[in-house]
Amino acid sequence: MNARLQSFLHYQALELERFRVLHHAQRRGAVRARSLEEIERDVGSLLTVIEPAIRNRISLLIRNGQPTALVPLEDECYCGGCHRRLTAREAQLVRLGDVVTCERCNRLIYDGQEAVGAA
Ligand SMILES: [Zn+2]
């Protein structure tokens with residue numbers, strides 16, 4: 001998987017972890033989570049790697065309660081989140097390793113095949 005994409009997925013995981021710590025901290029019997037401080041430290045290491053526009057998009061989606069801000073490309077030309085059909089140009093960009101914002105659901109679409117293949 002390309003390093004840029006990997007950093008996006010890592011950032012998404014951290015945002016999700018932070019969201020859960022903030023919203024479920026009071027739940028009884030919950031597995032003890034990492035502290036916000038620990039999470040923030042990991043987030044800090046990604047701040048210079050990921051463009052602010054992408055970071056903000058991921059943060060916003062996760063904080064609005066979406067379980068995924070990044071979704072894989074489906075069947076070569078569909079958004080893995082809302083199943084909108086991408087334009088040929090968008091699908092091409094994704095296959096080249098870039099991420100494209102879905103016009104309908106606002107999620108970021110990436111090439112999941114590449115992610116799986118290199119994992
Ligand atoms: Zn979509």
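Two residues are in contact if their C-beta atoms, placed from the backbone, lie within 7 Å. By that rule, residues 24 or more positions apart account for 53% of the contacts in the protein chain with a separation of 6 or more. The model is predicted: local features need pLDDT of at least 70, side-chain atom pairs count only at pLDDT 80 or more, and totals for chains, interfaces and linings use all residues. Residues are numbered from 1 along each chain as its sequence is written.

**Overall make-up**

- The protein chain has five helices and four strands; helices (H or I, at least four residues) and strands (E, at least two) are DSSP runs, numbered from the N terminus.
- Along the sequence their pattern is α-α-α-β-β-α-β-β-α.
- Of the 119 residues of the protein chain, 23% count as buried, a residue being buried if 20 or more other C-beta atoms lie within 10 Å of its own, exposed if 12 or fewer, and partly exposed in between.

**Helices α1 and α2**

- Two packed helices are described by the angle between their axes and the distance between the axes.
- The axes of helix α1 (residues 3–24) and helix α2 (residues 36–46) come within 10 Å and cross at roughly 160°; axes are lines fitted to C-alpha atoms, for helices over the stretch in contact, and angles run from 0 to 180 degrees between N-to-C directions.
- α1 and α2 are therefore roughly antiparallel to each other, the term for angles over 145 degrees.
- In α1, Ser-7, His-10, Tyr-11, Leu-14, Glu-17, Arg-18 and Val-21 meet Leu-36, Ile-39, Asp-42, Val-43 and Leu-46 in α2.
- The residues of this contact divide into seven nonpolar, two polar and three charged (Ala, Val, Leu, Ile, Met, Phe, Trp, Tyr, Cys and Pro count as nonpolar, Asp, Glu, Lys and Arg as charged, and the others, Gly among them, as polar).

**Arg-34**

- Arg-34 lies in the loop between α1 and α2.
- With 13 other C-beta atoms within 10 Å, Arg-34 is partly exposed.
- Arg-34 touches Glu-17 and Ile-39, leaving aside residues up to four places away in sequence.
- Arg-34 and Arg-18 are 16 residues apart along the chain, and their C-alpha atoms are separated by 8.9 Å.

**Strand β1 and its partners**

- Strand β1 (residues 70–74) runs parallel to strand β4 (residues 108–110), joined by three bridges; two strands pair if DSSP finds at least two bridges between them.
- Pro-72 stands opposite Tyr-110 in β4.
- β1 runs antiparallel to strand β2 (residues 78–79), with two bridges joining them.
- Glu-74 has Tyr-78 in β2 as its bridge partner.
- β1 and β2 form a hairpin with three residues between them, and Asp-75 in the turn has a positive phi of about 45°.

Definitions and conventions:
Angles under 35 degrees count as roughly parallel, over 145 as roughly antiparallel, 65 to 115 as roughly perpendicular and the rest as oblique.
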